[in-house]
Amino acid sequence: MDESKQLELLRQQDKQAFAALVRAQHGKLKAVARAMVGSAEAEEVVQEAWLSAWRALPAFEGRSSLKTWLTRIVMNAAHSRLRRRDQTLSLDQIAGENPSFWDRFNPDDGHWQQMPISWRSDRPDGLLQQTELGDCLQKNLDRLPALQQAVFTLRHVEELELDDICNELNVSASNVRVLLHRARLKLFQVAEHYQETGEC
C-alpha cells in the first residue's frame with residue numbers, strides 16, 4: 001500500500017491500517033520512550049502516545065512524516081512524564097558521585113583530556129555498531145539512569161541537536177552536556193574493559 005493511501009485510511013481511523021502502523025512502529029517508539037523514561041515506564045508512555053495519535057489522526061496534515069509525527073508524540077508523552085519527576089541534576093552531585101569525571105573530560109569544551117588508549121573508535125555510535133561489543137554497550141546503556149539514556153539516545157541514535165535535546169527534556173544546556181559526557185564515560189569505560197578483558 002502506498003503512503004498516501006495509508007494516510008487516507010489512517011485519517012479515517014481505519015482500525016486495520018492503525019494496527020499495521022502499530023506493528024511497524026511500536027518497537028522503535030518504545031526504544032525512544034525507554035531512553036527517555038526508562039524501561040519500567042516505556043510501554044505505558046507509548047500506549048498513551050498511541051491513544052493520542054489515534055485521536056489526532058483525523059487532523060494529521062502531513063507536514064512531517066508519519067514516523068516523525070509519532071516520535072514527537074511519544075517524546076511529548078515522555079516529556080510530560082519526566083516533568084512530573086524531580087529531574088534537577090546538580091553538577092556537584094555528579095562530580096561527587098564520580099570523582100574521576102572531571103579528570104577525564106574538559107568541562108569547558110566537553111572534549112577528552114585523556115583519551116582511552118585502546119579504543120578503535122572515538123565515537124560512541126561507532127562502537128555500538130560492533131556486534132558483540134555493541135550488545136554489551138546496549139546492555140549497559142539500558143542500565144544508565146533515565147536522563148542519561150535519553151540524552152545519549154537522542155543525540156547518538158535520533159541525532160538531535162543539543163538545543164533540541166534541551167527543549168525536549170527541559171534541562172539546561174550545561175546539564176545536557178554533563179549527562180551526555182557521563183553516559184559516554186560509562187560506555188567508554190565498558191568498551192575499554194571489554195577490549196582489555198573480552199568480558200562485558
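Select Glu41 and Arg81 to begin: their side chains meet in a salt bridge with an N to O distance of 2.8 Å, where a salt bridge is a side-chain nitrogen of Lys or Arg within 4 Å of a carboxyl oxygen of Asp or Glu. The pair links distant parts of the chain, with Glu41 in helix H3 and Arg81 in helix H4, 40 residues apart. Helices here are DSSP runs of H or I with at least four residues, numbered from the N terminus. The model is predicted: local features need pLDDT of at least 70, side-chain atom pairs count only at pLDDT 80 or more, and totals for chains, interfaces and linings use all residues. Residues are numbered from 1 along each chain as its sequence is written, and side-chain values use heavy atoms, with hydrogens and water left out.

**Around Arg81**

Colour the two residues by accessibility. Arg81 counts as buried because its relative accessibility is 7%, while Glu41, at 22%, counts as partly exposed. The cut-offs are under 20% relative accessible area for buried, over 50% for exposed, and partly exposed in between, with a 1.4 Å probe and protein chains only.

Glu44 is partly exposed, at 45% relative accessibility.

Then move to Arg63 and Glu61, whose side chains meet in a salt bridge at 2.7 Å, N to O. Both ends are exposed: Arg63 has a relative accessibility of 77%, and Glu61 has a relative accessible area of 54%. Returning to Arg81, select Glu48 as well: salt bridges that share partners join Glu41, Glu44, Glu48 and Arg81 into one network. The structure holds five salt bridges.

**The nonpolar core**

Which residues have the most contacts inside the largest nonpolar core? Select Met36, Trp50, Leu66, Trp69, Leu70 and Leu169; the core they belong to has 51 residues. Such a core is a set of buried Ala, Val, Leu, Ile, Met, Phe, Trp, Tyr and Cys residues joined through side-chain atoms within 4.5 Å. At least two core residues come from each of helix H1 (3-11), helix H2 (15-37), helix H3 (39-56), helix H4 (66-83), helix H8 (131-143), H9, helix H10 (162-169) and helix H11 (173-197). H4 supplies the largest share, nine residues. In soluble globular proteins, nonpolar side chains tend to be buried together.

Centre the view on Leu70. Leaving aside neighbours within four places in sequence, Leu70 is in contact with Leu21, Gln25, Leu29, Trp50 and Ala53, contact meaning heavy atoms within 4.5 Å.

**Helix H9 and Thr153**

Select residues 146-156, which form helix H9: this helix is mostly covered, with 10 of its 11 residues buried. The buried residues are Ala146, Leu147, Gln148, Gln149, Ala150, Val151, Phe152, Thr153, Leu154 and His156.

Within H9, focus on Thr153. Thr153 is buried, with a relative accessible area of 10%. Where does the side chain of Thr153 reach? It reaches the backbone oxygen of Gln149, at 2.8 Å. Show the surroundings too: not counting residues up to four places away in sequence, Thr153 touches Ala35, Leu141 and Glu158.

**The disulfide**

Now display the cysteine sulfur atoms. A search of the whole structure finds one disulfide, defined as a pair of cysteine sulfur atoms within 2.5 Å. Cys136 and Cys200 form this bond, with their sulfur atoms 2.1 Å apart. The torsion about the S-S bond of Cys136 and Cys200 is about 90°, so the disulfide is right-handed. The pair links distant parts of the chain, with Cys136 in helix H8 and Cys200 in the segment after H11, 64 residues apart.

Are the two ends buried or exposed? Cys136 counts as buried, at 3% relative accessibility, whereas Cys200 is partly exposed, with a relative accessible area of 47%. Select Cys166 as well: this cysteine counts as buried, at 10% relative accessibility.

**Gln13**

The last stop is Gln13, in the loop between H1 and H2. Phi of Gln13 is near 55°, a positive value in a residue other than glycine. Most residues other than glycine have a negative phi. Gln13 counts as partly exposed, with a relative accessibility of 29%.

Conventions: A polar contact is a pair of N or O atoms within 3.5 Å; within protein, one must be able to donate a hydrogen and the other to accept it, and residues adjacent in sequence count only if both atoms are side-chain atoms.
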